[in-house]
Structures are given as C-alpha cells and as structure tokens.
Amino acid sequence: NKVYLIKYILEVIMEDKVLEVLKQNEALRPGQIAEILGADKKEIDKAIKKLKDEDKIFSPKRCFYAAK
C-alpha cells in the first residue's frame with residue numbers, strides 16, 4: 001500500500017535527521033531535538049525508540065540521548 005510506504009519513508013527520514021542532530025551536538029532531550037528540527041515531539045520519541053533498538057544512540061543520563 002502506498003500510504004504505508006510513504007509513512008515508512010518519512011519515519012526513516014526522521015530517524016536520519018534525529019541521528020544527524022545528535023551527532024552534531026552533545027546529549028539532548030527529545031524536546032530539544034524536536035525544537036531543532038521543527039518536528040512534533042511524538043515523531044522524535046518514535047525515532048529515538050527505533051534508533052535505541054538499532055543501537056545507534058544511547059542515553060548518557062536520564063531523558064537525554066546521544067549518538068554512539
């Protein structure tokens with residue numbers, strides 16, 4: 001289905017953007033990432049969960065995330 005494919009592509013793009021922001025900065029909170037990208041925090045939370053599952057980011061302290 002085209003709708004699911006488009007949603008998947010947008011999610012992957014968001015994950016890439018989040019990872020790029022984290023590579024360029026020290027540890028950030030999801031709200032800070034959302035502000036930098038001009039995106040909804042829920043989208044950022046979803047991308048963070050996937051990136052954590054893929055072991056591309058970690059949490060150096062509670063509620064903060066950084067690229068590996």
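## Burial and overall build

Of the 68 residues in the protein chain, 29% count as buried (under 20% relative accessible area with a 1.4 Å probe, protein chains only). This is a predicted model, where local features need pLDDT of at least 70 and side-chain atom pairs count only at pLDDT 80 or more, while totals for chains, interfaces and linings use all residues. Residues are numbered from 1 along each chain as its sequence is written, and side-chain values use heavy atoms, with hydrogens and water left out.

The protein chain has 3 helices and 2 strands (DSSP runs: H or I of at least four residues for helices, E of at least two for strands). Read from the N terminus, the order is α-α-α-β-β. The radius of gyration, 12 Å, is close to the 11 Å that the globule rule gives for 68 residues, so the protein chain is as compact as a globular protein of that length (taken over C-alpha atoms; the rule is 2.2 Å times the number of residues to the power 0.38). Along the principal axes, the C-alpha atoms fill a box of roughly 40 × 25 × 20 Å.

## The largest pocket

Lining the largest pocket are Lys 7, Leu 10, Glu 11, Met 14, Glu 15, Glu 43, Lys 46, Ala 47 and Lys 50. Helix H1 (2–24) and helix H3 (41–53) are the elements that each give two or more residues to this lining, and H1 gives the most, with 5 residues. A pocket here is an open set of points on a 1 Å grid over the protein atoms alone, where a 1.4 Å probe fits, with protein on both sides within 12 Å along at least five of seven lines; lining residues have an atom within 4 Å of a point.

## A charge over a ring

Lys 61 sits over the face of Phe 64, 4.7 Å from the ring centre (the cut-offs: NZ of Lys or CZ of Arg within 6 Å of the ring centre and within 35 degrees of the ring normal).

Note on methods. Buried < 20%, exposed > 50% of the residue type's maximum accessible area, 1.4 Å probe, protein only.
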